[in-house]
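Please keep the sequence and the 3D view at hand while reading.

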Amino acid sequence: MGAPSFYRSLLRLYPREFRADYGDDLVQSFTDLSDERGHRCAWRRVALDLVVTVPRYRLETIMNERHRTTVLTGTIVAMACAGIVSVLVGLYVGVVLLPLAAVVAITQRSHLARSMDVVDGDRLRRKRLRVAAILAGLLPVIYFVSLPILGDSWGADAVVAFAIWTAVLIAAVCYFIAGITTPRARVAPR
């Protein structure tokens with residue numbers, strides 16, 4: 001594998017849209033720089049560029065309007081799950097995360113509601129309900145798989161298994177609620 005093809009494979013670290021727009025130009029710049037100043041100088045510059053720009057472009061991709069709702073919902077669910085699991089483990093300080101998740105959900109409700117006002121609500125509704133069904137189907141699987149592993153002990157393994165089961169349960173409930181509250185597509189009058 002030559003240096004330009006290896007560099008092209010490193011470009012997969014960038015978001016897809018960025019690669020599609022600038023990937024060929026970056027490879028050409030790398031090749032030109034290698035020809036002018038040598039491979040060592042080119043790789044030094046490219047390494048610095050990758051370390052600085054990849055996290056920035058990844059963060060921009062995550063925080064754009066399309067993904068903002070997913071990140072927000074994931075944060076709320078993660079805080080709620082962490083609060084429940086911390087109480088189950090005996091760290092009662094983690095109970096603070098439950099009202100914090102509720103406050104974030106309430107203060108961001110207008111953004112969450114706007115995100116549900118979509119053109120293709122039926123497709124999104126079906127997708128959310130399908131994910132809820134899959135997660136609900138995983139609950140008995142997790143339970144029955146963990147039974148032989150755990151036996152009668154309630155050690156660290158049992159806490160981890162219960163935490164996973166609880167997280168999947170909360171995610172299933174959240175997806176179900178999101179699915180049934182997603183507005184159906186409006187049918188245009190004839």
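Rings of Phe, Tyr and Trp (for Trp, its six-membered ring) count as a pair if their centres lie within 6.5 Å, and such a pair is called stacked when the planes are under 30 degrees apart and edge-to-face when they are over 60 degrees apart. In this model, which is predicted, the structure holds 9 aromatic pairs. Two of these pairs are set side by side in the table.

| Aromatic pair | Distance between ring centres | Angle between planes | Arrangement |
|---|---|---|---|
| Tyr7 and Phe30 | 4.8 Å | 20° | stacked |
| Tyr143 and Phe144 | 5.1 Å | 75° | edge-to-face |

Why does the pair of Tyr7 and Phe30 tie together parts that are 23 residues apart in sequence? The reason is that Tyr7 lies in helix H1 whereas Phe30 lies in helix H2. Tyr7 is buried, with a relative accessible area of 3%, and Phe30 is buried as well, at 2% relative accessibility. Both residues also belong to one aromatic cluster, which is formed by Phe6, Tyr7, Phe30 and Trp43.

Turning to charges, side chains of opposite charge can pair when their charged atoms come close. A search of the whole structure finds 1 salt bridge, in which the side chains of Arg8 and Asp24 meet with a distance of 3.1 Å from N to O. Arg8 is partly exposed, with a relative accessible area of 40%, whereas Asp24 is exposed, with a relative accessible area of 55%.

Which side chain of opposite charge is nearest to Arg19, a buried residue that has no salt bridge? The answer is Asp24, but that side chain is 9.8 Å away. Arg19 is itself found in helix H2, and a polar atom of its side chain lies 2.7 Å from the backbone oxygen of Tyr14. If residues up to four places away in sequence are not counted, Arg19 touches Leu11, Arg12 and Tyr14.

Definitions and conventions: Residues numbered from 1 in each chain as written. Predicted model: local features only at pLDDT ≥ 70, side-chain atom pairs only at ≥ 80, totals over all residues. Heavy atoms only, no water. Salt bridge = Lys/Arg side-chain N within 4 Å of Asp/Glu carboxyl O. Buried < 20%, exposed > 50% of the residue type's maximum accessible area, 1.4 Å probe, protein only. Helix = DSSP H or I, 4+ residues; strand = E, 2+ residues; numbered from the N terminus. Lys, Arg positive; Asp, Glu negative; His and termini not counted. Polar contact = N/O pair within 3.5 Å; in protein donor to acceptor, adjacent residues only side chain to side chain. Contact = heavy atoms within 4.5 Å.
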